[in-house]
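The sequence and structure come first.

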Amino acid sequence: MPFSQCSTCPNLSAAAVSQKYRIVECINKIKPYVEHYANAAHELDALNNNFPDQLRKSILQLAVQGKLVPQDPSDEPASVLLERIHAEKEHLITAGKIKRDKHESIIFRRDNSHYEKLDGVERCIDDELPFDIPDSWCWTRLGCLLEELTSGSRDWAKYYSTDGAIFLRMGNLSKNSFRLRLGRIQRVSLPENAEGKRTSLQPGDLLFSITADIGNMGLIPEGFGEAYINQHTAMLRFMPAMRSEYIPYCLLCDYAQRMYKQ
């Protein structure tokens with residue numbers, strides 16, 4: 001049947017139909033390229049959106065591995081700092097201000113390997129170490145750097161008040177940060193004998209969620225005022241020599257985040 005007599009498009013000439021087919025053919029040829037570049041544009045948008053977070057993670061990981069800046073040979077070796085912290089803890093134990101850790105860990109090098117002495121038993125821990133560190137650095141357990149580690153108070157809803165001390169909960173902690181979120185603050189008015197006053201917070205205390213979304217954090221700043229935590233949060237109080245943002249930053253690195261997810 002002639003094109004000019006096609007029932008669906010009676011006025012379409014043969015030349016026009018031929019041109020239509022050529023247009024469709026060209027569209028089909030370029031379609032894969034359009035899809036390819038559309039996918040590339042989508043990936044680029046995702047990369048741009050995620051770049052700040054990925055860059056931060058990369059910088060943190062380089063920092064905890066000692067690769068962010070050149071090592072200064074004149075810096076005090078980490079082993080000297082650990083010895084000083086150990087001596088200070090012994091002084092606090094003797095004074096009755098803190099209790100001795102029943103499972104104190106000592107990590108040391110021998111024959112180009114790392115060993116840990118725990119409960120009187122030595123074992124090689126090379127397979128537990130995630131990466132190499134500079135020669136002047138040392139591995140240690142987090143507990144060896146702490147003056148106190150405890151969880152928060154239970155059943156304090158009965159003390160909720162419109163004024164009084166700040167009562168920090170998991171909603172005040174941050175994911176991928178250690179900045180406190182203070183948009184919504186609960187306060188408590190406490191009796192003298194309230195259980196949990198042991199968790200009265202001090203500047204430099206690091207809060208760490210220990211239920212549900214594990215690893216959310218918050219660092220108590222100077223001048224924060226009287227404050228406490230609930231039972232879903234742990235308080236890490238570092239020895240004075242370690243009270244800075246260094247360990248909180250270490251606990252944000254990819255290596256630490258993978259441990260929380262496990």
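In what order do the three strands of the open sheet lie, and is the pairing parallel or antiparallel? The order is β1-β2-β3, and the pairing is antiparallel. The model is predicted: local features need pLDDT of at least 70, side-chain atom pairs count only at pLDDT 80 or more, and totals for chains, interfaces and linings use all residues. Residues are numbered from 1 along each chain as its sequence is written, and side-chain values use heavy atoms, with hydrogens and water left out.

**Sheet**

- Strands are DSSP runs of E with at least two residues, helices are runs of H or I with at least four, and both are numbered from the N terminus; two strands pair if DSSP finds at least two bridges between them.
- In the open sheet β1-β2-β3, the edge strands β1 (105–110) and β3 (121–124) each pair on one side only.
- The twist from one strand to the next averages 25 degrees, with axes fitted as lines to C-alpha atoms and angles running from 0 to 180 degrees between N-to-C directions.
- Four bridges join β2 (residues 113–118) to β3 in the antiparallel sense, and Lys117 stands opposite Glu122 in β3.

**Aromatic residues**

- There are nine aromatic pairs in the structure; rings of Phe, Tyr and Trp (its six-membered ring) pair if their centres lie within 6.5 Å, and planes under 30 degrees apart count as stacked, over 60 as edge-to-face and the rest as tilted.
- Phe108 and Tyr115 are stacked because their ring centres lie 6.0 Å apart and their planes are at 20 degrees.
- Phe108 is partly exposed at 22% relative accessible area, whereas Tyr115 is buried at 18% (buried is under 20%, exposed over 50%, partly exposed in between, with a 1.4 Å probe and protein chains only).
- Arg110 lies over the face of Tyr115, 4.4 Å from the ring centre; the criterion is NZ of Lys or CZ of Arg within 6 Å of the ring centre and within 35 degrees of the ring normal.

**Nonpolar cores**

- A nonpolar core is a set of buried Ala, Val, Leu, Ile, Met, Phe, Trp, Tyr and Cys residues joined through side-chain atoms within 4.5 Å.
- The largest has 28 residues, of which Leu206, Met217, Leu236 and Phe238 touch the most other members.
- Another core of 11 residues lies apart from it, including Leu168 and Ile220.
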